[in-house]
Amino acid sequence: RYGLCCTIPPAVLCIGCRLYLEAQATATKCPLYTPQEDAMLVGCAVLAATAAGIHASILHSMGAMNHVGSTIEPLQSEEMLALFEHKQAAMEKLQTLQADLATT
């Protein structure tokens, strides 16, 4: 099981500001990996290489062209973990209330 969501493997490629990514890593209890290259340029190159027949599929092109730039580990602060667990519990209560309202 990976963090809060068992379907998210630790090798998640993400882009965004560092503070947001640290919060996301801590909330999911999963390390995040940022790409080394510019995502827009790599996306264009992936599609071009696939269309030109250089790689058999988009997934093969992505595997050949994407590289991990840096790793963002979840923060281990007890206060931060308690805050995220509190927010998770509040979100789950709101989801339950929403589901109850939808059935009435």
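Figure 1. Cys 44 is exposed, its relative accessible area being 53%. In this predicted model, Cys 30 is by contrast buried, with a relative accessibility of 3%. A disulfide is a covalent bond between the sulfur atoms of two cysteines. With a cut-off of 2.5 Å between cysteine sulfur atoms, the count of disulfides is zero.

**Figure 2. Overall arrangement of the protein chain.** Four helices and three strands make up the secondary structure of the protein chain. Their order along the sequence is β-α-β-α-α-β-α. Of the 104 residues in the protein chain, 16% are buried. The accessible surface amounts to about 7500 Å², and carbon and sulfur atoms account for 65% of that surface. When contacts between residues at least 6 apart in sequence are considered, 57% of them join residues at least 24 apart.

**Figure 3. The salt bridge between Glu 85 and Lys 29.** One salt bridge is present in the structure. Its partners are Glu 85 and Lys 29, whose closest N and O atoms are 3.7 Å apart. Glu 85 belongs to helix 4 (residues 78-103), whereas Lys 29 sits in the loop between helix 1 (18-28) and strand 2 (32-35), so the pair ties together parts that are 56 residues apart in sequence. Both partners fall in the partly exposed class: Glu 85 has a relative accessibility of 47%, and Lys 29 has a relative accessible area of 41%.

Figure 4. Thr 26 is part of helix 1 and is buried, at 1% relative accessibility. Its side chain approaches the backbone nitrogen of Leu 75 at 2.9 Å. Apart from neighbours within four places in sequence, the residues in contact with Thr 26 are Pro 74, Leu 75, Met 80, Leu 81 and Phe 84.

Figure 5. Phe 84 is located in helix 4. Because buried means under 20% relative accessible area, Phe 84 is assigned to the buried class at 19% relative accessibility. Residues up to four places away in sequence being set aside, Phe 84 touches Ala 23, Thr 26 and Ala 27. Between Phe 84 and Ala 23, which are 61 residues apart along the chain, the C-alpha separation is 8.9 Å.

**Figure 6. Polar contact between Thr 34 and Ser 70.** Thr 34 is a residue of strand 2. With a relative accessibility of 13%, Thr 34 is buried. The side chains of Thr 34 and Ser 70 make a polar contact at 2.7 Å.

**Figure 7. A nonpolar patch on the surface.** The patch consists of Leu 47, Ile 58, Leu 59 and Met 62, which together have about 390 Å² of accessible area. Helix 3 (residues 58-65) supplies the largest share of the patch, namely three residues. Leu 47 is located in helix 2 (residues 39-51).

Methods. Residues numbered from 1 in each chain as written. Predicted model: local features only at pLDDT ≥ 70, side-chain atom pairs only at ≥ 80, totals over all residues. Heavy atoms only, no water. Salt bridge = Lys/Arg side-chain N within 4 Å of Asp/Glu carboxyl O. Helix = DSSP H or I, 4+ residues; strand = E, 2+ residues; numbered from the N terminus. Buried < 20%, exposed > 50% of the residue type's maximum accessible area, 1.4 Å probe, protein only. Patch = residues over 30% accessible without salt bridge, like charges linked within 9 Å, V, L, I, M, F, W, Y side chains within 5 Å. Areas by Shrake-Rupley, 256 points an atom, 1.4 Å probe, with all protein chains shown as cover. Polar contact = N/O pair within 3.5 Å; in protein donor to acceptor, adjacent residues only side chain to side chain. Contact = heavy atoms within 4.5 Å.
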